[in-house]
Amino acid sequence: MGGKCSSSLSGRQRRYLRGRADATVKNFVPYYRRQLATALLRRVSGELDPHGKPALQLLPSELPGPPAAALHDGLLSQYDGDSRSWQENYFVLLGDFTLQWFESEEALRTGSEPRGSTVLSGYRLLSSPSEYAELLADLCQGLAGGSPFADPPGEFLFFLYHPFRRHFCFCADSAGSRRIWRAALGDGVRYHSTELQRRDSLEAEAFLQAVRFYRQERGRYGAGDLLLGPEPEILGNVLMEDLLPVLRAQVLPSIRGSERRRRQLWLQFLQEVYTLVLSEISGEFEGFQKEKEKLRLELEKKIRPDLDQMLTLKDQIAGKLQAVVRIPAESWCSRGVEPHLDRVTEELARPVSSGVEAVRSLFAQRVDEMIGLVQSSPVTVLRKEPDVMHPCYEETDPYRESLRELEERFGFRGATSLVLGAQNLMQQLMQDATHTFQQLSQQHLGRAQSPRQLARTLRKVKERVLKKFDYDSGSVRERFTREWLIRIFLPFLLKRLESGCKLELPRYESLVFADFSDIVNLENVYEETVLAVLLRAVGKALAPASRRDVASGPGGGSDEEPLYEEMG
């Protein structure tokens, strides 16, 4: 992959990158097939569980898709690396969260083509010049280059950073403008970056698991922020993880010019590499997409008739593995994990709890404002404002600093995914609370005799929804904390057990019947055995918090009142 770096990739470089991209998809597909089978087996066996997941009390609502109309537009100063100057462009964030920019507002209104556009998946939204400079320095290792931009025209800076896409250095004309832009862009980044995590589908679950196992086979545990974006981008991230050291060693030394110029050419080169890789992977993966539904139907036909036999076989293998894995797993867990569990649990729980409390207060405040307006407009509904949730989301900011040492100690590199996941949780709670309030209120709007009676009824509905909110928020916060404790500590355990336990797995391959070998996956059974050890330790760490939530929660346990009771 060596050779001179110029403004465009050479034919040899393009052939090499296309070959690597094609190989990545071809090598990944068998992992996906195995994980789809494993996920389907889990889903079908879960249908036999009469309890299932604990029921929540707020009426579930779909998180809204991107609105049809443009979300926000306006002038921003943008730093141009080629001219090394700040230029004004007219930016518009479309309803699908695509960011476009034009020469002027007039160019937008008259239908001119945009100067450029970008999707927001995989970006990080930053407010600190020092934080941006730190990320840039890490990406451009060995290149100094001074300040990444010239003196800005004002103080209200913010940045969009992606390691392999164009960087955006913005300057707004006021704090208010910056706040609104950051809220709108933050929604776009979260919407596109967590597309798979929000998708409650077997295929999405299987894909994310397959990426983990694909990387683990190469000795890399914990996928972290590589799992942000749609499927082709995630596979592109995985390939770029392999390519970046090669590019640094073979291409970066060949770039000539001043340090600043070398840095600029290096970033342009990475963007071209990523664009080509992503295009090739998207084409290859699109072909496989057409096979997925057929594959799922074939697996269902195999699993359902022989489910009992498969589950019995899986239990037998788990018993054999447990005899080998349990003691070393418990030893590593007690020495390497349990001493840190209480502190990490607290660091995980505090910001999301503050954010959920902010959501509760915001919901109550907005309902109270609405009730104050019912006398003049009895059909008033909760208004949607573009940046109303932004202060709630900001409660997650402490995560990056408080969990920083986890990267060094446990190899955890998922802070962005953690922040976006907490914000999705908050958005879902607000959406469900609003939906529940609207549904419960609707049946009473025609019954009230006067605006005063209506206001009294709506206050009762609000209190009832808040009780349900308190019950649900306790459940989802505990689930969130448990999930992230597992994401942090399970890769650590698996890596420590690799030489002593995982390398012994081939000895047990003969236990898997040939007829079931594409359904019952030995590595998944092994991981579930290790996970069971970790879950016992995590359960002990979460128990005190669970007891506090039950004792102090305003809703206090299950609400068994009928949903649509008369509220006089």
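**Entry 1: helix 7 against helix 8**

I listed the residues of helix 7 that meet helix 8 (contact: heavy atoms within 4.5 Å): Glu231, Pro232, Glu233, Leu235, Gly236, Asn237, Leu239, Met240, Leu243, Leu244, Leu247 and Arg248. Their counterparts in helix 8 are Trp266, Phe269, Leu270, Val273, Tyr274, Val277, Leu278, Ile281, Ser282, Phe285, Gln289 and Lys292. By class, the residues of this contact are 16 nonpolar, four polar and four charged. I count Ala, Val, Leu, Ile, Met, Phe, Trp, Tyr, Cys and Pro as nonpolar, Asp, Glu, Lys and Arg as charged, and the others, Gly among them, as polar.

The model is predicted; local features need pLDDT of at least 70 and side-chain atom pairs pLDDT 80 or more, while totals for chains, interfaces and linings use all residues. Residues are numbered from 1 along each chain as its sequence is written, and side-chain values use heavy atoms, with hydrogens and water left out.

I took helices (H or I, at least four residues) and strands (E, at least two) as DSSP runs, numbered from the N terminus. Angles under 35 degrees count as roughly parallel, over 145 as roughly antiparallel, 65 to 115 as roughly perpendicular, and the rest as oblique. Axes are lines fitted to C-alpha atoms, for helices over the stretch in contact, and angles run from 0 to 180 degrees between N-to-C directions. I noted a right-handed crossing for helix 7 and helix 8. Right-handed means the near helix is turned clockwise from the far one by less than a right angle, left-handed anticlockwise.

**Entry 2: helix 9 against helix 14**

I looked up helix 9 (residues 307–373) and helix 14 (residues 451–496): their axes come within 8 Å and cross at roughly 155 degrees. The two are therefore roughly antiparallel. Their crossing is right-handed. Their contact holds 28 nonpolar, six polar and seven charged residues.

I found an open sheet of seven strands, order 4-3-2-1-7-6-5, with antiparallel pairing. Two strands pair if DSSP finds at least two bridges between them. Strand 4 (116–118) and strand 5 (124–126) are the edges, each with a single partner strand, so one side of each lacks a neighbour in the sheet. Direction ignored, neighbouring strands are turned by 30 degrees against each other on average.

I then followed the bridges. Strand 1 (residues 72–80) and strand 2 (residues 85–93) are antiparallel and joined by nine bridges. Asp73 has Val92 of strand 2 as its bridge partner, and Val92 also stands opposite Gln100 in strand 3.

I checked both hairpins. Four residues lie between strand 1 and strand 2, where Arg84 has a positive phi near 55 degrees. Five lie between strand 2 and strand 3, where Phe97 in the turn has a positive phi of about 65 degrees.

**Entry 3: totals**

I recorded 15 helices and seven strands in the protein. Of its 568 residues, 48% count as buried (under 20% relative accessible area, with exposed over 50% and partly exposed in between; 1.4 Å probe, protein chains only).
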